[in-house]
Amino acid sequence: MNTSIPAISIKGLTKDFAVTLRGVKLRAVDDLSLQVEEGQVFGLLGPNGSGKSTTIKIILGLLGATVGEVKVFGVPSHQVESRRNVGYLPEAPYFYRYLSGYELVRFYARVCGVPKAQLKARVNDVVDWVGLSQAANRRVGTYSKGMLQRIGLAQALVHDPKLIVLDEPTAGVDPVGSAEMCELILKLKRQGKTVLITSHLLAQIEDVCDRVAILDHGKLMVEGSLLELVGQRDRQALIVDPLPATEIEALREWLTSRGHVLNAIEQPRARLDQLFLSKISRAGQLGGNPGVGSNVVPSSSVPKSSASASSSAPKA
Amino acid sequence: MSALSVPFSFNRLALIASNTFLEAVRQKLFNFLLLLAVGLVASAQFFRDFNFGSSELKFIADFGFGALIFFGSALTITATAQLFFSEIENRTALTLLAKPIWRAEFVFGKFLGVFSVIGVFCALTIGLMMALLWHREGQLMAANPEAFEAGRIMRYGDLFIVGVLQWLKFGVLSAIVLLIASFSNTNLYTVVTGFFALVICHLQYLARDSWSNVDSLVLRSVVRLLSFVFPNFQLFNLSDEIGQGAGLDPMLAGRVALYAVVYITVIGGLAVYSFRNREI
Amino acid sequence: MPFALNFLRSARTGLLVAAGLAAAGIALRPLEAPAWEEVRSRQPALRLESIKDALGQGVTVGLLGGFRAIVADFFWIRTNYVWEKYDLPATQTSIKLVTAIDPRPTYFWLNGSRMIAYDMPNWRIDKAGGYDKVPDTVKKRFDQEQSEVAIRYLNEGFGFHPEEPLIRLEIANIYLNRLKDTASAARDYAIAAEHPDAPYYAARIYAELLRKMERNTDAYAYLRTLYAKLPADNPQAMKSVVLERIRELEAELNVALADRFRE
């Protein structure tokens, strides 16, 4: 594997949409340059209309760039070859309502070139892995939002891609589902996959991403690792047992004598989503119990019987 | 790596075609065939009341082909538009085209799926018509043998061939609708324009035969151009001869079939060209 | 300028598609032209001026669109409805409309002429007061007039079916059954019988008409020639009946044994 080729390389990307015959243009992406290295989890953030979806569509070859170059594992994104190793979960997943879950995943597996000999096993594995075995023979049109997300995941992963693009994967999903999704992303990362994720839910992005980029009005505002961007290097936090007022005052004086300032005294807080998860019974299935996210993503090289014991890197 | 690392695949094309066919079946597009079948049987019964004699067979054949052409054209236009636009409007095209698939595979796959749907429709309609004619002709032969001195009047082989030619004509129509859909924004626009195209193709021969009679040079050029741009659907109008016992020239049928196949390929190719940069 | 440029860019695909279609049309013309000539030759010219007032716009477009057969069938069924109502003007108009739309089926010419020649005189008699009240001269006049209309109509049919023996036979029948004109009927039976596709009875009836006109010698000579041409294995040819007639005529004409017809 050639590790020097980034998973996604975007250089000087600009995308204009012509909105009227008079030539008035809408610039959706403006001179964007960034790189996603292989094996990273990369968050693409921004408010509505910032150009995230447009950028993703260009990466997937669904739109053409007006100016600039976009490559996926070194292959220009407009070429069919660039999508060979890409799995895509669209925002508000759109699937064929008249197909059953099993038929849908099987269809996409065949489109992506999964060999016939491995087809049945692969589809069964991935449907089982997303926890939809019981509903696999029902039509997709009868699925709930959460089930649609899961089947969307299944179709994105069935051909064991190296790059997975998740567009707002937790939009409209409850906290348990969001937590499951986060765990999935981390598992994909442990398998050496590259994940590009867009989301409005910044708390989730914080938990899973290695690097993030923030777009606004099509422009790149900031890009870097989370630690670089949000870590406060000029501050330290010490978590201690509750102190009486006199001891706090003594501590303040001691710090002052050494030229330091006690800036704030606060009560540490757990996150609300952590409290929620601790109280909800379904959340007990996370992290080692049967259900979504508990096993390794089925790999095309690993037979079903040994999947739970293996966390090997996927093969193309 | 070049784009040829993922070469054009007829397997993927067939996959999309079969998925499109499945969609048509599960959306119960064929249910109306039941009504049509009932209508055909009822009309055949209706003609008996008039005592047309052996000419009753001509009436059954004419109405059968009329129903085939009328409903077949409507089905072709609406099914092509619907089965293509459902991908765009439901945005399943987004998920599909994000896979390693050529846009040409997508367009031709959709076409083949619709063509199969229409093929089933034509086969069932022609099959039912032939069964009705065979049965009724047998009854008339028994009742009035003098009118059938030379044996059966209806040429069932010709009936079948004309049915195949109508299917091919619907294929050309479907390709035209697909071409319109490739740049159209709505299903409704595609359907309406498709019907306009159908009428123009049926009347194309008027432009073709009368362009030299037009006075204005500009108008004459436009009329002449129109006669080249649109295919001539009157060429497929061979069903009138069936009921009168005239034989179908195999060379003529071959030419018409080849004409249809070439047009399907060209128009399909133009649809791919038009769709290539469409932003989903 | 940006507007024009943008418009041109948008129209570029459309222009290329139109050019592609035109190129395909031109390239396919050598394949299509002979096929179209043959298809067109099977479709008689549509005499739209004579009928468009009787039709709605939609039906006119339907005719132009190539649905002549089914439109004609539809109007034939309508003809039957007005025929059931004994509506002479409507029936006559409808009959002519049907063959103006689609003159190809012989069935329309034959049955239309029968309605004109056989049914309409009775309708006129009924309308004039009935068989008991209407004088014979008037009845005969009605017969004559309707028969002439029917024969004119059938002669028009020859324009589209110049060799059709059934039309000739229909004319002969009108002369024989309605006008009682044996000579004219015989003439037309003879012409019809000459056609290879004519029914076998045409020749037999011609011979009978010759006998009726007391031209037994001609009838005998005709039947002898006819017998040799008839197939032995076709019951419709009724070869034995023809032989019977030959023997009858030999008896009536006292033909010598040595000269009698040998099979």
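**Questions about a predicted three-chain model**

Colleague: How do you know which strands β7(A) joins, and by how many bridges?

Modeller: Two strands pair if DSSP finds at least two bridges between them, and β7(A) passes that test with β6(A), through four bridges, and with β8(A), through five. Both pairings run parallel. Val86(A) stands opposite Leu163(A) in β7(A), and Val165(A) stands opposite Leu196(A) in β8(A).

Colleague: Why is the sheet of six strands called open?

Modeller: The order is β6-β7-β8-β3-β9-β10 in chain A, with mixed pairing. β6 (86-89) and β10 (219-225) of chain A stand at the edges with a single partner strand each, so one side of each is left without a neighbour in the sheet. Neighbouring strands are turned by 15 degrees against each other on average, direction ignored.

Colleague: What makes you say that helix α1 of chain A packs on the sheet?

Modeller: Helix α1 (residues 52-59) of chain A touches β3, β7, β8 and β9 of chain A, where a contact requires C-beta atoms, placed from the backbone, within 7 Å. Its direction makes about 150 degrees with that of β7(A), and helix α4 (residues 145-157) of chain A, lying across β6 and β7 of chain A, runs at about 170 degrees to β6(A).

Colleague: How do you know whether α8(A) is enclosed or lies in the open?

Modeller: Of the 13 residues of α8(A), the number buried is zero, so this helix lies largely in the open. In chain A, buried residues make up 41% of the 316 residues.

Colleague: What makes the span of α8(A) agree with that of a helix?

Modeller: The expected span is 1.5 Å times one less than the number of residues, and therefore the 13 residues of α8(A) should span 18 Å, which agrees with end C-alpha atoms 19 Å apart. Just after α8(A), Gly259(A) takes a positive phi of about 85 degrees.

Colleague: What makes up the side of chain B that touches chain C, by class?

Modeller: The contact takes 36 residues from chain B and 30 residues from chain C. α9(B) gives the most to the side of chain B, with 10 residues. By class, that side has 20 nonpolar, eight polar and eight charged residues, where Ala, Val, Leu, Ile, Met, Phe, Trp, Tyr, Cys and Pro count as nonpolar, Asp, Glu, Lys and Arg as charged, and the others, Gly among them, as polar.

Colleague: How many helices and strands does chain C have?

Modeller: Chain C has 12 helices and zero strands, counting DSSP runs of H or I of at least four residues as helices and runs of E of at least two as strands, numbered from the N terminus. Of its 263 residues, 32% count as buried.

Conventions. Residues numbered from 1 in each chain as written. Chains lettered and ligands numbered in written order. Predicted model: local features only at pLDDT ≥ 70, side-chain atom pairs only at ≥ 80, totals over all residues. Contact = placed C-beta atoms within 7 Å. Buried ≥ 20, exposed ≤ 12 C-beta atoms within 10 Å, placed from the backbone. Axes fitted to C-alpha atoms, helices over the stretch in contact; angles between N-to-C directions.
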